[in-house]
Amino acid sequence: MKKLLFASVPVWLFLACADPGSTVDYTQMSDEERLKAATEIAQSTIMVDGHVDLPYRMKVGGFTLQREILDVSVRTPDGNFDYPRSKEGGLDAPFMSIYIPAGNQAIPGASKALADSLILMTERLASTFTDKFAMAYSPADIEANFNKGLISLPMGMENGAGIEDDLANVEYFHKRGIRYITLTHGKDNLIGDASYDTTGTHGGLSEFGEKVVAEMNRVGIMVDLSHVSDNTFRDALAITKVPVIASHSSVRKFTPGFERNMSDELIQAMAKNGGVMMINFGGSFIDSAYAAGSAKVREHLVNYMAENNLSRSDSAFRAYAEAYAAANNPFPTVQRVADHFDHVVKLVGIDYVGLGSDFDGVGDSLPTGLKDVSMFPNLIAELLKRGYSREDIEKICYKNVFRVWKAVEDYAASQK
C-alpha cells in the first residue's frame with residue numbers, strides 16, 4: 001500500500017478536498033499556487049466549450065468521408081484542439097461546430113449536404129477512438145462520459161442555412177444529434193439577418209425564421225444567437241419559449257461598433273430570458289486594438305520581405321517575423337478575456353456566462369496564454385485571482401449551459 005504523503009499536498013488543497021463546502025480564498029495564493037488550484041478545478045470539474053471548429057478544420061485539411069479522419073487522439077502540430085491538450089486543460093465537452101459557410105446558401109441543397117458530411121465526420125471520430133471520445137446528446141450523456149474519462153463530442157450547427165427551406169429539417173437535425181443551431185452566419189439567410197451583413201433583408205427574423213425558432217423549441221434544439229443582427233436577436237427572444245444561448249460571442253463594450261459582439265442591452269435581455277452567453281476568445285472579439293495592432297505587424301513584415309527580397313518560406317524571414325511579432329505582440333491577454341467575464345457578471349450576474357472559445361475557428365488571433373485547449377487553467381487562475389469562487393467557476397464551466405440545455409429538453413418533452 002502506498003503511503004499518503006500529506007506533507008507534499010498544499011494546505012488549501014487538503015482542506016478543500018476534506019471539506020468540499022469549505023471556502024478557499026484564492027486571492028491570497030501566490031500565482032503558482034493559484035495556477036495549481038485552477039488546474040485541479042479544471043481537471044475535476046466538467047468543462048463545456050460552446051464552440052470548437054474541429055469538423056471544418058478537418059474539411060479544410062482535406063479530410064473527407066472517403067479519407068481517414070484527422071487523428072486528434074494524439075497531439076497535433078497545428079490547430080487548437082486534440083485529445084492530449086484537452087486532457088491537460090480539463091476540457092470535457094467541446095461542442096463540435098457543424099459550420100456551414102454563407103457561400104453555400106447560393107446553391108440549393110449544398111448547406112444540408114455539408115452539414116450531413118460534417119456530422120458523419122464527427123461521429124467517425126467517436127467511433128474510431130472509442131477509448132478517448134464519445135458522442136453526447138444531453139447533459140446526462142456528458143456526465144456519463146466524464147465519469148468514464150471520455151471527452152464528449154456534442155454538436156451544434158453554425159448557420160441555420162443547413163435547414164434549407166424545409167421546416168422538417170429542424171427535427172431531422174435533432175435526430176442527427178444537433179443540439180443547438182446558430183440561426184445565421186456571415187450573411188442574411190432564409191431565417192433572418194446576420195450581424196456581418198448590412199443588407200437587413202428581413203429587418204430581423206423572417207416569417208420562416210419565426211417558425212424555425214418555434215420548431216427548435218418544440219423538438220429540443222437550443223436557439224443560438226451568436227452571429228445574428230441585433231434585430232434578429234430581439235425577435236428571437238420575443239418568440240422563444242425557453243432560454244437561449246450565444247455559443248461564442250463577447251462583450252461589445254470592448255469592441256465598439258462590432259455588432260457581432262453583444263451590447264449591454266442584449267446581455268441584459270438574454271439574462272432576463274435565462275440564457276447564457278459563452279465568451280469567444282478570438283482577438284478581434286476581445287479587444288478592438290487587436291485588429292489595428294495585427295494589421296500594423298502584417299504591414300511591416302510585408303514591407304520587410306519586399307525590401308530584403310525574401311519570401312514567407314525563407315528561414316531568415318520566419319526567424320525575423322517570429323522575433324518581430326514577439327517584440328510587437330498585438331495579441332490580447334488572458335486578463336482581457338477575464339475582463340469580458342467580469343463585465344457580464346457585474347451587469348447581470350454569474351448565472352449567465354460560459355465558455356465559447358471558437359478554438360480552431362479564429363486562426364492565429366488567440367490571446368497570449370489562451371492559444372489552445374490546454375490553457376484553460378490560465379483563464380481560471382485569472383478569475384480566481386479576481387475573487388471568483390469554485391462554485392462560480394463551475395457555473396462558468398458547465399452549470400449555466402446545463403441549466404439552459406435541460407430547460408430546452410424539458411420544454412420539448414412537454415410538447416410530446
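# Questions on a predicted model

Guide: Just after helix 8, the residue Gly220 has a positive phi of about 100 degrees. The model is predicted.

Visitor: What span does helix 8 have, and how does that compare with the span expected at 1.5 Å a residue?

Guide: Helix 8 covers residues 207-219, which is 13 residues.

Visitor: Which residues of helix 8 are buried, and what do they pack against?

Guide: The buried ones are Phe208, Gly209, Val212, Val213, Glu215, Met216, Asn217 and Val219. Their packing partners are helix 7 (168-175), strand 6 (178-182), strand 7 (222-224), helix 9 (230-239) and helix 16 (390-414).

Visitor: Why is helix 15 described as largely enclosed?

Guide: Helix 15 spans residues 376-385, and eight of its ten residues are buried, so the rest of the structure largely encloses it. Phe376, Pro377, Leu379, Ile380, Ala381, Glu382, Leu383 and Leu384 are the buried residues. They pack against helix 2 (31-44), strand 1 (48-52), helix 4 (83-89), helix 14 (334-348), strand 10 (353-355) and helix 16. Just after helix 15, Gly387 has a positive phi of about 105 degrees.

Visitor: Why is Asn145 called buried?

Guide: Asn145 sits in helix 6 (residues 139-147). Its relative accessible area is 7%, and buried means under 20%, so Asn145 is buried. The side chain of Asn145 reaches the backbone oxygen of Met135 at 3.3 Å. Leaving aside neighbours within four places in sequence, Asn145 is in contact with Ala134, Met135, Ala136, Leu150 and Ser152.

Visitor: What makes Ala291 buried, partly exposed or exposed?

Guide: The relative accessible area of Ala291 is 42%; buried is under 20% and exposed is over 50%, so Ala291 falls in between and counts as partly exposed. Ala291 belongs to helix 12.

Visitor: How do you know whether Trp405 is buried or exposed?

Guide: Trp405 has 0% relative accessibility, and the limit for buried is under 20%, so Trp405 is buried. Trp405 lies in helix 16. Not counting residues up to four places away in sequence, Trp405 touches Phe95, Tyr137, Ser138, Pro139, Ile142, Pro154, Arg179 and Met222.

Visitor: What is noted about the phi of His227 and of Asp360?

Guide: His227 has a positive phi near 80 degrees and is not a glycine. Asp360, also not a glycine, has a positive phi of about 65 degrees. His227 is in the loop between strand 7 and helix 9, and Asp360 is in the loop between strand 10 and helix 15.

Visitor: Why are His227 and Asp360 placed in their accessibility class?

Guide: The relative accessible area of His227 is 4%, and that of Asp360 is 16%. Buried means under 20%, so both values place their residues in the buried class.

Visitor: What makes Gly192 buried or exposed, and which residues is it in contact with?

Guide: Gly192 has a relative accessible area of 0%, which is under 20%, so Gly192 is buried. Gly192 lies in the loop between strand 6 and helix 8. Apart from neighbours within four places in sequence, its contacts are Thr184, His202, Gly204, Leu205, Ser206 and Thr232. Gly192 and Gly204 are twelve residues apart in sequence, and their C-alpha atoms are 5.5 Å apart.

Visitor: What volume does the largest pocket have, and what lines it?

Guide: The volume of the largest pocket is about 370 Å³. The lining has 14 residues, with Val297, Leu301, Ala325, Phe331 and Asp364 nearest the centre. Helix 12 (288-307) and helix 13 (315-327) are the elements that give two or more residues to the lining. Helix 12 supplies the largest share, six residues. By type, the lining divides into nine nonpolar, one polar and four charged residues.

Key:
Residues numbered from 1 in each chain as written. Predicted model: local features only at pLDDT ≥ 70, side-chain atom pairs only at ≥ 80, totals over all residues. Heavy atoms only, no water. Helix = DSSP H or I, 4+ residues; strand = E, 2+ residues; numbered from the N terminus. Expected span 1.5 Å × (residues − 1). Buried < 20%, exposed > 50% of the residue type's maximum accessible area, 1.4 Å probe, protein only. Contact = heavy atoms within 4.5 Å. 1 Å grid on protein atoms, 1.4 Å probe; cavity = no way out; pocket = protein on both sides within 12 Å on 5 of 7 lines; lining within 4 Å. Points joined across faces, edges and corners; volume = space filled by probe spheres on them. Nonpolar A, V, L, I, M, F, W, Y, C, P; charged D, E, K, R; others polar. Polar contact = N/O pair within 3.5 Å; in protein donor to acceptor, adjacent residues only side chain to side chain.
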